[in-house]
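Please read the following report with the sequence and the model side by side.

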Amino acid sequence: MAAGEPGAVEDGGRKGGLRTALGGLTTRGRSFLAAGLAAAVCAYVLGQGDLLRVGLLLAVLPLVCVTVLYRTRYRVTGTRRLSPSRVPAGAEARVHLRMENVSRLPTGLLMLQDRVPYVLGPRPRFVLDRVESGGRREVSYRVRSDLRGRYPLGPLQLRLSDPFGMCELTRSFSAYDTLVVIPRTVPLPALRLAGEASGYGDGRQRSLALAGEDDIIPRGYRHGDDLRRVHWRSTARHGELMVRREEQPQRARCAVLLDTRQIGYQGAGPDSAFEWAVSGAASALVHMLERGFAVRLLTDDGNAVPGEGTDGYAGSTQESADSAGLMLDTLAVVGHSDGGGLSRAHDVLRGGNEGLLIAFFGDLDEEQTAVAARMRQRAGAGVAFVLDSAAWAGDESAGGAADDRLRRLRESGWTAVPVEPGDELPELWQLAGGMRTDTPSAPSGGPTGFAGGWS
């Protein structure tokens, strides 16, 4: 019963046969049937005609209820609507169910039960009184999950009961919906860092269509065009007014790298280091899209968000809201990778200048620190949020190694920020905006430290 798509159940249909209907006898119905048979046997043995009539009445009543319920024919349709269908972890969504009797006969007592995963809460159950022909009933319930993911809702089960409670028949709708629980995102402060370089920053860089006057590709004159932009040489050649193309805005680029290596994180659950990194990556990409950047999301195994723009960046050819939704849906189901290194991500970044690179790293050993240092050479500016497994596990003995990794990242040009348990990303984001590392290790001719500028 997807939102807006009706599902139909013909209760009392012959699917499953009479044997299935007899299997729907309730405890009360089975008790009546057993008592009736026992009374009939005793009446036959004792020769008591009155007892026999009582026994037959007790035995026949549940059988009559089964037959009537089995032969009752009416149709019930239902729709489900999620509001909203995508929610952050820890937020509630409301599920609206709408039942309609499209047959000519009124229904009896209806019991509804929707199937939901246990992480979303208890299984909702509703009891609906008699629904007249053409009538409808609407009910709703709430679902909530602290764990991100994609959760199926449905199919809806409809249980029909007779007035005496002797028999219950269950039918199921065939359709179901999917609730997407995305990572939590937090608003980040808009920062503009010193040393902003051309080509990065707020995405307002502009470039001409082609390099020189002789290489200009004009277009036909349109009503309202400034006559000062008429290209007379092309006009003479084409025999109609031609104007120079306007300068086209070139969006600044940003790559968000999420380290998903299982060996880089310890613990599990909503408060684990890995979930913090996923939430941080989600917050960063939403913020950068809102600031006008063309963003792509990468993981340590080199995978990017499916369905991204033709130039490899989501948001460059799509609306920002659609781009953010696409990447958040990907982060909703991202899990640990079995890989042990960052080399695949480095190979992807080696393909070109990524502009601004924002990375969320787990625990880095000496080898992976060197790979991360080489990544920085492929970007105009780089910010790394480094989560240390020892700190998140409560082990302070490895603090010296973590400090050494941060120092090496900063020497390679990263703006490296350590992430401790309980840290909030907006404060760390502000801290990164105030940090600057001027080292000779930065790429020649390019910005140093965090000089790429970001906002």
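Val45 is found in helix H2, where helices (H or I, at least four residues) and strands (E, at least two) are DSSP runs, numbered from the N terminus. This is a predicted model, in which local features need pLDDT of at least 70 and side-chain atom pairs count only at pLDDT 80 or more, while totals for chains, interfaces and linings use all residues. Residues are numbered from 1 along each chain as its sequence is written, and side-chain values use heavy atoms, with hydrogens and water left out.

**A nonpolar patch**

Is Val45 buried or exposed? Val45 counts as exposed because its relative accessibility is 63%; here buried means under 20% relative accessible area, exposed means over 50%, and partly exposed lies in between (1.4 Å probe, protein chains only). Together with Val41, Tyr44, Leu46, Leu51 and Val54, Val45 makes a nonpolar surface patch of about 650 Å². Patches are made of residues with over 30% relative accessible area and no salt bridge, with like charges joined within 9 Å and nonpolar side chains (Val, Leu, Ile, Met, Phe, Trp, Tyr) within 5 Å. Helix H2 (27–46) and helix H3 (49–71) each supply at least two residues of this patch, and the largest share, four residues, comes from H2.

**Salt bridges**

A salt bridge is a side-chain nitrogen of Lys or Arg within 4 Å of a carboxyl oxygen of Asp or Glu, and by this rule the count comes to 17 salt bridges.

| Salt bridge | Distance, N to O |
|---|---|
| Glu92 and Arg142 | 3.3 Å |
| Arg137 and Glu132 | 3.1 Å |
| Arg144 and Asp146 | 3.2 Å |

The side chains of Glu92 and Arg142 meet in a salt bridge. Glu92 lies in strand E4 (residues 92–101) and Arg142 in strand E7 (residues 136–144), so this pair ties together parts that are 50 residues apart in sequence. Glu92 counts as partly exposed at 43% relative accessibility, whereas Arg142 is exposed, with a relative accessible area of 52%.

In the pair of Arg137 and Glu132, Arg137 is partly exposed at 26% relative accessibility, and Glu132 is partly exposed with a relative accessible area of 35%. Elsewhere, salt bridges that share partners join Arg80, Asp114 and Asp177 into one network.

How far apart are the end C-alpha atoms of helix H5? They are 26 Å apart, which agrees with the 26 Å that the 18 residues of H5 (residues 273–290) should span at 1.5 Å a residue, since the expected span of a helix is 1.5 Å times one less than its number of residues. H5 is mostly covered, as 16 of its 18 residues are buried. Just after H5, Gly292 takes a positive phi of about 95°.

Leu387 has its place in strand E19 and counts as buried because its relative accessibility is 1%. Not counting residues up to four places away in sequence, Leu387 touches Ala273, Trp276, Ala277, Phe361, Gly362, Asp363, Trp392 and Val419, where contact means heavy atoms within 4.5 Å. Leu387 and Leu364 are 23 residues apart in sequence, and their C-alpha atoms are 8.9 Å apart in space.

Arg378 is found in the loop between helix H8 (366–376) and strand E19 (381–387), and Arg378 is partly exposed, with a relative accessible area of 36%. The C-alpha atoms of Arg378 and His346, which are 32 residues apart along the chain, are separated by 8.8 Å.

**The chain and its confidence**

The secondary structure of the chain comes to 11 helices and 20 strands, and buried residues make up 46% of its 455 residues. Of the contacts in the chain with a separation of 6 or more, 75% are between residues 24 or more positions apart.

The chain averages a pLDDT of 79, and 79% of the residues score at least 70; pLDDT is the predictor's confidence in each residue, from 0 to 100. Over residues 193–215, pLDDT stays under 50, and the model has 55 contacts beyond four places in sequence for them. Residues 437–455 also have a pLDDT that stays under 50, with 67 such contacts in the model.

Definitions and conventions. Accessible areas come from the Shrake-Rupley method with a 1.4 Å probe; for residues, only the protein chains shown count as cover.
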